Amino acid sequence: MPMSFMTGSIVGKRFYKKVTTREADDGIGWSVMLDYRTLKTPSKRPLKCPTLALAKAIAAEWEHQEADGIRPFTMPLTKLSCTALERVPLTRQKIIDHLMKKFPQDLVFCRAPGDNDLTSGVCGFPSTKIGGGTPVSVSKHFFFQNVAKFCTLLGQERADDEVLDNVASDGDDACDNVPEDFNVKAAASHTDGRPQAKHPTEDLVDFTRIHINKLPTVVIIGRPNVGKSALFNRLIRRREALVYNTPTDHVTRDIREGVAKLGNLRFKVLDSAGLEAEASSGSVLRRTAEMTGNVLSRSQLALFLVDAREGLQPMDLDVGKWLRKNAPGMKTIVVMNKAESLDDYDGSLAAAVGESYTLGFGDPIALSAETGMGMAELHETLRPLLEEYVLQNVNDDESQENDSSEDMECKLPLQLAIVGRPNVGKSTLLNTILQEDRVLVGPEAGLTRDSIRAEFEYQGRTIYLVDTAGWLERTKQDKGPASLSIMQSRKHLMRAHIIALVLDAEEIAKARRSMKHAEVVIARRAVEEGRGLVVIVNKMDLLRGEENSKLYKRVIEAVPAEIQTVIPQVTGIPVVFVSALEGKGRMAVMRQVVETYEKWCLRLPTARLNRWLRKVMSRHSWKDQAAQPKIKYFTQVKARPPTFIAFMSGKTQLSETDLRFLTRSLKEDFDLGGIPVRILQRTVERNGRTKTSSKNEQSTNRAVERVVSDKRTILAVENSSTT
């Protein structure tokens, strides 16, 4: 069931007016109608009640909902009915076995009304003294006590059908003879002369206290289009991986990594590309299979996904053979995805389970990654395996690690996004920086579809590196995975701190211009969003040789100048010339990225800024000294990017030329090249209040809205500065 059934959340407004009940269409059971709609379960099947009384009770729950929203936590009968119809048939035997284990150690409560009709058949047994002479009504295997209108059943070693029949057939009422001061726990501990085992309620491992690098790793494997990415998104609780129904194409091509949150479990989960063991050598599918084989060495468990709706396919058997060959000692769990449409009553579920046993990996788990059905069973299966791994491989000292160390406080994680047009070498550059084959590379254009995020350490600083899909202008004809890739690339550009724009040196030499329209759009959008920008010219190895020596020098000289012309808003944009295929220029790229990030986070003291301002204003040539604007003081209100406010005294405001002069002087004197710098101006009135200048008021207000900091706002700075 959804988490909203167990919390106080509201899932949406009431969309119906009248709630009624009627007989089901097939004549078996009763249905609840919301206006003209039939009430359905989370898997979109009609909710059929066996009795009219239950249907009316569920209808009353839905009728009780208010107009402002539906509150599932006030509908327990709806929750129980959906559970009985959807979850119990899938795991009926497991539930029975689980309950039978509780009888020797737990209490079982059943409601005892005032007339005791329910308890009249279970309490008529001879009185026996247990544990110190307390008289209790006892059968051969059970004894009962009527406590606060509840009948309490304490179990012994076994409870078979014969005992239950005897309990139900006896009609005497003996629960009333039990003393009020009877100690249930004491009686349970002395039953049969042996103390009862206590069921462990505490978790063996607290996964939330384990460092992310020490968590166990689970890889999701299966043939294409079985729902691996959908399950990955369900486990990490975010829509990170692209999901699209493409039976003839493969959306996922790289290994995506995330931290799964399944109940109280935490583990690293890897989403792999669809496996085709018989793919031809050198093809994309063969290369993705090799990448999947490489990550098996650092994984502890494997979730082998099959499609429950389509049944077991020959390709599934090939994947099973591939797993035994490449990971013979790994624990593999078969997961039947898309099982929300299967039913235990018509035999479809049993047939799918029987087919899954032919894979030879043990009991399968039926679930639906789209609806969340069956995730509890997956939790129960993974929990002992993950706890066993943690207890054997993670020490207590390691599990208590804390990320709030002094080094992490002074060096916050850096978000770096590698963007550019298709086939310029973005994925090759990422592999070169990480010094491993992390993402798929090849001569094919548009090979990367998912935006892959990787974490690594550089000079004691954590850096999150994102490889995005090739940037193209989205058109109406773009549909499916291509359109989703474009949207995902734009989203990661908004999240990043530093943008690494990759250009193709060979195309620059042929076209005799540095940037095409798509690349200009990327650069300008990065500047508008206030991100740091680093330009990387890749494939410089193709311009070497005597015949290309002049072309090589011309590219190195022309690119920085042309970039400055195309993007005049930001001066001093760093340009790095590399060859990712040969691994040259890696350190130069990282130095420029870290240097640009430090400038982006720079904060300058107000006293230093005002000393600088006096020198700058003295060397600026004003047309009219009488009309020279008077800046009372100059201060920085936020970083990331650096944003400054000039508080003006008088009615004269800084013109656009003056603002450009101050911006250029700031970048030159404080070495702020490659990042956008924003300067706002405020008017200080004689009564001490400030107001925004009327000139360019709309643009200034727009800028104020964008530069709100996470710790302080410009308004707060204005108030503190004028008091």
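Gln459 is exposed, with a relative accessible area of 55%, where buried means under 20% relative accessible area, exposed over 50% and partly exposed in between, for a 1.4 Å probe and with protein chains only. The structure is a predicted model, in which local features need pLDDT of at least 70 and side-chain atom pairs count only at pLDDT 80 or more, whereas totals for chains, interfaces and linings use all residues. Residues are numbered from 1 along each chain as its sequence is written, and side-chain values use heavy atoms, with hydrogens and water left out.

Gln459 sits in the loop between strand E17 (452-458) and E18, and although Gln459 is not a glycine, its phi is positive, at about 55°. Helices (H or I, at least four residues) and strands (E, at least two) are DSSP runs, numbered from the N terminus. A positive phi, near 60°, is also found at Asp35, again a residue other than glycine. Asp35 is placed in the loop between strand E2 (30-34) and strand E3 (37-38), and with 28% relative accessibility Asp35 counts as partly exposed. A further backbone feature is the cis peptide bond that joins Arg640 and Pro641, with omega about 0°; Pro641 belongs to the loop between E22 and E23.

Eight aromatic pairs are found in a search of the whole structure, a pair being two rings of Phe, Tyr or Trp (its six-membered ring) whose centres lie within 6.5 Å, with planes under 30 degrees apart counted as stacked, over 60 as edge-to-face and the rest as tilted. Among them is the edge-to-face pair of Phe304 and Phe361, at 5.9 Å centre to centre and with 85° between the planes. Phe304 belongs to strand E13 (residues 301-307) and Phe361 to the loop between helix H9 (348-357) and strand E15 (365-366), so this pair ties together parts that are 57 residues apart in sequence. Phe304 is buried, at a relative accessible area of 0%, and Phe361 is likewise buried, at 16%. The rings of Tyr633 and Phe647 are stacked, because their centres are 4.6 Å apart and their planes stand at 25°. With Tyr633 in strand E22 (residues 630-638) and Phe647 in strand E23 (residues 643-649), the pair ties together parts that are 14 residues apart in sequence. Tyr633 counts as buried at 16% relative accessibility, and Phe647 counts as buried at 0%. Trp612, Phe634, Phe644 and Phe670, for their part, form one aromatic cluster.

Charged side chains give another set of contacts. The structure holds 20 salt bridges, each defined as a side-chain nitrogen of Lys or Arg within 4 Å of a carboxyl oxygen of Asp or Glu. In one of them, Arg223 pairs with Glu310, and the closest N and O atoms are 3.1 Å apart. Arg223 lies in the loop between strand E10 (217-222) and helix H6 (228-236), while Glu310 lies in the loop between E13 and helix H8 (314-326), so the pair ties together parts that are 87 residues apart in sequence. Arg223 counts as buried at 8% relative accessibility, whereas Glu310 is partly exposed, at 46%. Another salt bridge joins Glu598 and Arg461, with the closest N and O atoms 3.6 Å apart. This pair links distant parts of the chain, with Glu598 in helix H18 (residues 586-600) and Arg461 in strand E18 (residues 461-467), 137 residues apart. Here Glu598 is partly exposed, with a relative accessible area of 46%, and Arg461 is buried, with 9%. Arg421, Glu507, Lys516 and Glu519 are linked in a network of salt bridges.

Ile675 is located in the loop between helix H20 (656-670) and strand E24 (678-684), and at 0% relative accessibility Ile675 counts as buried.
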